[in-house]
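This report describes helix packing, sheets, chain contacts and confidence for the structure shown below.

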Amino acid sequence: MMDDFKVTEIIFGPQHPGIHGNFGTRLELRGDLVYRARMVPGYLHRAFEKLMEQRTWMQNVAIVPRICVPDPDVNEMAYSMAVENIMGLEVPDRANYIRTIILELSRISAHLMGLGGIGGAIGLYTLPMWTNGDRDYILDLFEELTGGRVYHIFIWPGGVRWDIPDNWPRKVNKVLDHIEARLPEYYSLFFESKVTDARLKGLARFDSRWAVDHGVTGPNLRATGLEVDIRRMEPYAAYEDIDFKVITRKEGDGLARTLVRWYEVRESIRIIRQAVEDMPSGEIRAKTPPPLAFMVPPGDHFARVESSKGEYGYYVVSKGGKFPYRVHVRGPSFTHGIDVLEQILPGNEISDVALITGTLDVCPPDIDR
Amino acid sequence: MNMSNVVKRTVRPFRALKFLGRKPHTVRIPHEQHNDIEGDPLPTERYRGVHVNNWDECISCGLCAMVCPCDAIEMVQIEGEAKVRPEVSYGRCCFCGFCEDVCPKDSLHLTSNHTMLDTSYDTFVFLPTPMLREFEKEYRVEPALLCRARKKDDGKAEIIVGDPYRKVE
Amino acid sequence: MVEDSYDLTKRKDERSGEYVPEDIPAERAADEVLKKVPGAESRKRKDGRVELNVPSTSIGSVMSEFKRMGYDHFVALTCIDLIKEDMFEMVYHLWSYGARTHVYVKTNIPREDPSIESVVEVFRTAVTYEREIKEMFGVDFPGNQRLTQFILEDWEGPPPMRKDFDSIRYVQDKFDIKVRNPKGLPPKWTKEGGK
């Protein structure tokens, strides 16, 4: 059937309002359906891995958040976890709780942006306007704590940089109340609409066996029925002491992936409220060498963190000395954005290409680094 | 699915129209003041903005230049000054704040000023000037021109708008 | 270069099935591998994980053995340029959802004409990692048909992630960039030594 149609090849390129980030796609179309897709990454290549070999251990903390834009704190966290494990540092409890709050706030803001991206790809532009407006309150919170809205440079090896201001926990609770009141409105706008059902139900469905064989991680894997979450499998920060649910759905299609993200925002709000209430007192940082003479003994370690997009990992190799020998960044979109997309796009219409990319939450900066 | 369910799901999303009657979410900076959710003004004191440097305290150790991850600070010699002073290039600076943290005399400081406008890009490679508290508050919301400071004979600093300094090559 | 073909009916069958994780601890899986593969050694690291060192010719059988034992999430593939010892070190990271442990499989290949057998038949996820390493380090993976250009466009120089490619010199020559603080420059790694 597909051989009767006219063959076209288009470049759904990096400069297009429908693509999330700077990411090119070469599509070969038969009529309206995609026959073959080839991804063209590389527009955001800034050579981070080579650059990190030429900066000292503490200077790298300022460079590392820029690898992933919507969710920058996971980079600082994974890098610090790897360095602390090689050095044998023990992070104090208060620093662990502050790190947990920062990571969960970052997860909420990244999920809000992801939901907005899916709404925009359908054509419902009200949803990105709403979610980006509510995300602004979270960025204001970050600014009051760390001094910067998007790139925080706050989590570093040993603990966190400064202590929280006195009125900050009250403001966190106010922002969480506001977002919790808005979540049913998002639900009734987006998920109770028949247009969403028609576009997202059954879109790019895969099973859990296929997903694990192709390296799918994070909310995309939880939407196929597997209950896996790095915060439960290999706990870090304060997640061992906090009570939360792992959200799964059974269907494995686009609607399930979007619903998992909506429910995870609610779970994150519960986690932050618990962490703010149970915050212990104590030190902010462990004892570390001075920043200009920061030496790390030889060794290597792979540290992983559950980011809003999937499994984020840093493999740090040290040969002693002031500079790292090799840092390898494993981003979740490296597997989602290239091979998985090239295999599930054929057979779909061209109007669904941006939508499938959005439901998988592909973030091009962590493909190119 | 029954008729009432179909009708409900077609009509429900239109409840979002109630926001047409409310005040818009947008804050028109700099004509309006940007506040956080409780009404406190932003940016706060912790905000990492434009540099200032107190030349009475600065001992020209050069640690800020050593720790900068972006290679943005250079210690330069100025005509008429005995010590070298840090010069910052805003083409490279990433506003991480490490230079402020490492300064042993607490003389280099990142203010909460985040607006800087000029028509030529040579002004963005500049020497952070001595710290003056009233000066900093005045230029908080309006666009700020870059000013230099010079030490007069009685030891006080004098603000000169747009006066270029001369570097010793 | 021959590329993959697309048969939509075939893909549908591969997609069916529910995943059942297997719970085999890392030490037992490592012992099974050591029995089957001569020349391999394993040790327990300081952080509690297991690390294996295998000869580079037996990497295919090691990978299929681990996959059979339930270590079927291929996390990453790292290449490290050990210029002083004149070899590349390839580190394969595997994870098991059942046993919740991470395993490192390390192997060495010579730095002259580097090439190692591809593991794409065992782990499909490795296809993009091998493509990136071919571009950045110059290591060849016979058996992988998708080793096309990945990130660098119109690049004619040597593989840039190797230690003997001086990126600071390249940037200064090509773009006329001034180094503002020369005391902060990192040292250069060379074959003779230096750190």
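Helix 5 (126–146) and helix 6 (168–191) of chain A pack at an angle of about 170 degrees, with their axes 11 Å apart. Axes here are lines fitted to C-alpha atoms, for helices over the stretch in contact, and angles run from 0 to 180 degrees between N-to-C directions. Helix 5 and helix 6 of chain A are therefore roughly antiparallel to each other; angles under 35 degrees count as roughly parallel, over 145 as roughly antiparallel, 65 to 115 as roughly perpendicular and the rest as oblique. Helices (H or I, at least four residues) and strands (E, at least two) are DSSP runs, numbered from the N terminus.

This is a predicted model, in which local features need pLDDT of at least 70 and side-chain atom pairs count only at pLDDT 80 or more, while totals for chains, interfaces and linings use all residues. Residues are numbered from 1 along each chain as its sequence is written, and chains are lettered from A and ligands numbered from 1 in the order in which they are written.

On the helix 5 side of chain A, the residues in contact with helix 6 include A:W130, A:Y137, A:I138 and A:L141. Helix 6 of chain A contributes, among others, A:W168, A:V175, A:I179 and A:F190. Two residues are in contact if their C-beta atoms, placed from the backbone, lie within 7 Å. The contact of helix 5 with helix 6 of chain A divides into 13 nonpolar, two polar and four charged residues. In this division Ala, Val, Leu, Ile, Met, Phe, Trp, Tyr, Cys and Pro count as nonpolar, Asp, Glu, Lys and Arg as charged, and the others, Gly among them, as polar.

Another helix pair in chain A is formed by helix 4 (residues 93–122) and helix 13 (residues 353–360), whose axes come within 9 Å and cross at roughly 165 degrees. Helix 4 and helix 13 of chain A are therefore also roughly antiparallel to each other. Their contact is made by A:G117, A:I118, A:A121 and A:I122 of helix 4 and A:A354, A:L355, A:G358 and A:T359 of helix 13. By class, this contact of helix 4 with helix 13 of chain A has five nonpolar, three polar and no charged residues.

Two strands pair if DSSP finds at least two bridges between them.

| Strand pair | Sense | Bridges |
|---|---|---|
| Strand 1 (residues 7–12) and strand 2 (residues 24–30) of chain A | antiparallel | six bridges |
| Strand 2 and strand 3 of chain A | antiparallel | seven bridges |
| Strand 1 and strand 2 (residues 50–53) of chain C | antiparallel | four bridges |

In the chain A pairs, A:V7 stands opposite A:R30 in strand 2, and A:T25 stands opposite A:M39 in strand 3. Strand 2 and strand 3 of chain A form a hairpin with two residues between them, and A:G31 in the turn has a positive phi of about 70 degrees. A:A47 has a positive phi of about 60 degrees although it is not a glycine; A:A47 lies in the loop between strand 3 (33–40) and helix 1 (48–52) of chain A.

In chain C, five strands form an open sheet in the order 1-2-5-4-3, with mixed pairing. Strand 1 (41–44) and strand 3 of chain C stand at the edges with a single partner strand each, so one side of each is left without a neighbour in the sheet. The twist averages 20 degrees from one strand to the next. C:R43 stands opposite C:E51 in strand 2 of chain C. Helix 2 (residues 26–36) of chain C packs on the sheet and touches strand 1, strand 2 and strand 5 (101–110) of chain C.

Where do the chains meet? The contact between chain C and chain A takes 33 residues from chain C and 40 residues from chain A. Strand 3 (73–82) of chain C is one of the elements that supply at least two residues to the chain C side, and its six residues are the largest share of that side. The chain C side divides into 14 nonpolar, nine polar and 10 charged residues. The contact between chain A and chain B takes 24 residues from chain A and 25 residues from chain B.Helix 2 (60–63), helix 5 and helix 6 of chain A each give two or more residues to the side that touches chain B, and that side divides into eight nonpolar, eight polar and eight charged residues.

In chain B, a cis peptide bond joins B:L42 and B:P43, with omega at about -5 degrees. B:P43 is in the loop between helix 1 (3–11) and strand 1 (51–53) of chain B.

The model scores ipTM 0.91 and pTM 0.90. Chain C averages a pLDDT (the predictor's confidence in each residue, from 0 to 100) of 82, and 87% of its residues score at least 70. Over residues 1–13 of chain C, pLDDT stays under 50. Where pLDDT is low, the predicted coordinates should not be read in detail.
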